[in-house]
Amino acid sequence: GLEGGAKNQFSTFSNFITSINQKKEGIGNRNAPTQLVIPNIKNVRDLPPICLDVRQKQRMSIDTLPQELKAPFPPEPSLPIRTKTVKDFQDDMEKSKASGDWKAVHYFYSTTFDSFLEINAAFKKDTNSPFNTVEDSGIDAQFVNVVYDALLNTPQDVQKSVLKGIINGLLQEWTGPRTKDDLRAYCILLQNPQFSNTSTYVIYAHLLRQIAALTEADHHFLVHWSKKISQRRFKQVVDRLLQFISLRLFPAKPEEFPPMVKCTWWIPSAAKVLALFNAANSLISPPIISYTDFYNSTLDHIDLMEEYHNWQCYGNSHRFSFCQYPFIISIAAKKVIIQRDSEQQMISIARQSLVDKVSRRQKPDMNMLFLNVKVRRTHLVSDSLDELARKRADLKKKLKVTFVGEAGLDMGGLTKEWFLLLIRQIFHPDYGMFTYHKDSHCHWFSSFKCDNYSEFRLVGALMGLAVYNSITLDIRFPPCCYKKLLSPPVVPCDHNTLVGICDVKLDDLFQIMPELAHGLSELLSYEGNVEEDFYSTFQVFQEEFGVIKSYSLKPNGDKIPVTNQNRKEYVQLYVDFLLNKSIYKQFAAFYYGFHSVCASYALLLLRPEEVEILVCGSPELDMSALQRSTQYEGYQKTDLTIRYFWDVVLGFSLDLQKKLLHFATGSDRVPVGGMADLNFKISKSETSTNWLPVAHTCFNQLCLPPYKNKKELKQKLIIGISNAEGFGLE
């Protein structure tokens, strides 16, 4: 079956497996299997998941393994002696290309990949050393890279010999635990570029199945070894795994693969191996590749709510769901899940209100289906606080805002305006709730003590309402805030449990108070006598309303000097004090406010960075992308007025572009899906060209009169977008 060329390389794959088994079993057992079967390995779907259940309140570290999982392995079998070096191999390749005689190269490849032992003999840096630690895999990465880079440039029979050898290794009868040499072979085989070809997917699937079926201790080694792979190779492996999942879900040629019912374990196996690489990526700071490189956009086109409901019902049990591996799901797909989950909750709450009203024989009122917020612009914060406090039971209904004395009807635009103005007032420095740090351009919670933290709860509820109602906010919190907001991601049942407390590091402080963080970093690297030169104790001082107050970082901290030996502890306690303890009551109120609205298991799928994107959208404006996705009503995109418009807008400063976006949509932030998700429309206004442009923010629509020249259009547009507050009815 392997002699038919690349196109139908594995058309008779099971026959080929039969022949290999017969050769291996020749004199022994005559009842050889007729398909690729890996004995003594449980079905992958029955194994505990590599990706820990995201419902767990405390997430285990990859380094935290029970002692029994670290039991010594049996001694490694002796390896064949192979002396070929990178230089020798490269010389052989050059000679083969020049002469057309590939015998030496063919022999090397067919021998090297014939078994796991041979793979180790060729690529292990020192065959006499065990390399039994997570720090060093013992793999000669340079040699592996050179051999794989050359492989795809060799004749077909050479490439087929490698695949035959891999099949031999996968067919080996495994008895007992895997050795470190086996793990090294798996690590090397995962990097094989041949697995980008769909004709090799049957072999690739069985390789992934075996790796997914390894013990937790084996996975521990593979994770740490994988983080040593170069960035380019690491990303290639991740892309290969994502492509494998995509093509199994939506095959271009379904006849290339076995029927889905016979290989239901393919995708779970690939997802588990991807989880290993995601864990490896998370161990490095900064990570090897971006977390977004693990997204599989193909999943945007499957029934995400079915995946979500399966996960809600079955968790991480035998029933597979992509939600068990949330790092694979894109932020756009997660937004869809959260939106639909929110809509279902809104409908459920509204239906319950209607049933309660009818059961009491009262006349139903349409307003009871909404969270109706009625505020005065002159008393915006106090009115909003009172409204949300009084209507706490209605927070999960669809939000509807009314400004007293204004005739605007809220089809979405007034809601955006309310959010924008409220956030602007609350975060004003004079209000005292948040401190703006100029060096980092972000806000942080004021540590000043107060009698009532309800306004912090209001800000949390506002953020929750924004996510719940798909509104983006112009809030500048540091990434640490969103990490705390997911600590834990679901409100604990025990009210005595601390919330909003997370592991914080000096890097987190750098994102808020870079100058202070730099000073602490200098303390850590100081080469002199810390105790004598700095004369500090485990005590910090803060000014509150003109009064200097002292706080001990540990019991009797004022009497404990900071020394060269304990300075790391001092810095860690200082950072923890600033980002956790000193603002605990403020952040706890903020946390409970947010989760009073966004109480959804969908939050368990999110990373802190993704929560930030859902709340704030993207600050990056791409007006060219907006131009490409804009729809027109009454105009054609080639009309002179439209050409004038885009010439003017593309030449605007960033500040004016943000004002235009706010004028037309009610927000100057870009939603998760980019400019295309705005559904921006320019309509022709039949009014006089003396009029200014008008916007319908509910529908992201700009009504533009047919101005006669570019200068007039620019003048009227700037006046319009610079004076855009308040609503009226046409």
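The chain holds 27 helices and ten strands. Helices (H or I, at least four residues) and strands (E, at least two) are DSSP runs, numbered from the N terminus. The model is predicted: local features need pLDDT of at least 70, side-chain atom pairs count only at pLDDT 80 or more, and totals for chains, interfaces and linings use all residues. Residues are numbered from 1 along each chain as its sequence is written, and side-chain values use heavy atoms, with hydrogens and water left out.

Of the 730 residues, 50% count as buried. Buried means under 20% relative accessible area, exposed over 50%, and partly exposed in between (1.4 Å probe, protein chains only). The accessible surface of the chain comes to about 35500 Å². Carbon and sulfur atoms account for 52% of that surface. Areas come from the Shrake-Rupley method with a 1.4 Å probe; for residues, only the protein chains shown count as cover. Contact means heavy atoms within 4.5 Å. Among contacts between residues at least 6 apart in sequence, 74% join residues at least 24 apart.

Helix H3 spans residues 103-112 and contains Val 105. Val 105 is buried, with a relative accessible area of 1%. Neighbours within four places in sequence aside, Val 105 is in contact with Asp 92, Met 93, Ser 96 and Thr 154. The C-alpha atom of Val 105 is separated by 9.7 Å from that of Gln 90, which is 15 residues away along the chain.

Helix H7 is mostly covered, with ten of its ten residues buried.

Side chains of opposite charge can pair when their charged atoms come close. A salt bridge is a side-chain nitrogen of Lys or Arg within 4 Å of a carboxyl oxygen of Asp or Glu. By this rule the count comes to 22 salt bridges. One of them joins the side chains of Asp 181 and Lys 124, at 3.2 Å from N to O. Asp 181 lies in H7 (residues 180-189) and Lys 124 in the loop between H4 and H5, so the pair ties together parts that are 57 residues apart in sequence. Both Asp 181 and Lys 124 are buried. A network of salt bridges links Lys 124, Asp 181 and Arg 184.

A further salt bridge pairs Lys 581 with Asp 576, with 3.8 Å between the closest N and O atoms. Lys 581 is exposed, at a relative accessible area of 52%. Asp 576 counts as buried, at 17% relative accessibility. Glu 633 and Lys 681 also form a salt bridge, their closest N and O atoms being 3.4 Å apart. This pair links distant parts of the chain: Glu 633 in strand S7 (residues 631-633) and Lys 681 in strand S8 (residues 681-684), 48 residues apart. Glu 633 is partly exposed, with a relative accessible area of 41%. Lys 681 is partly exposed too, with a value of 23%.

Glu 307 sits in helix H12 (residues 304-314). Glu 307 is buried yet has no salt bridge. Its nearest side chain of opposite charge, Arg 319, is 8.4 Å away. For charge, Lys and Arg count as positive and Asp and Glu as negative; His and the chain ends are not counted. A polar atom of the Glu 307 side chain lies 2.8 Å from the backbone nitrogen of Phe 322. Beyond its neighbours within four places in sequence, Glu 307 is in contact with Ile 302, Ser 321, Phe 322 and Cys 323.

An unreviewed UniProt entry lists Cys 698 under "active site". UniProt positions are given in the numbering used here, feature names are shortened, and annotations may be inferred rather than shown by experiment. Cys 698 is found in the loop between strand S9 (694-696) and strand S10 (701-704). At 24% relative accessibility, Cys 698 counts as partly exposed.

Key
Polar contact = N/O pair within 3.5 Å; in protein donor to acceptor, adjacent residues only side chain to side chain.
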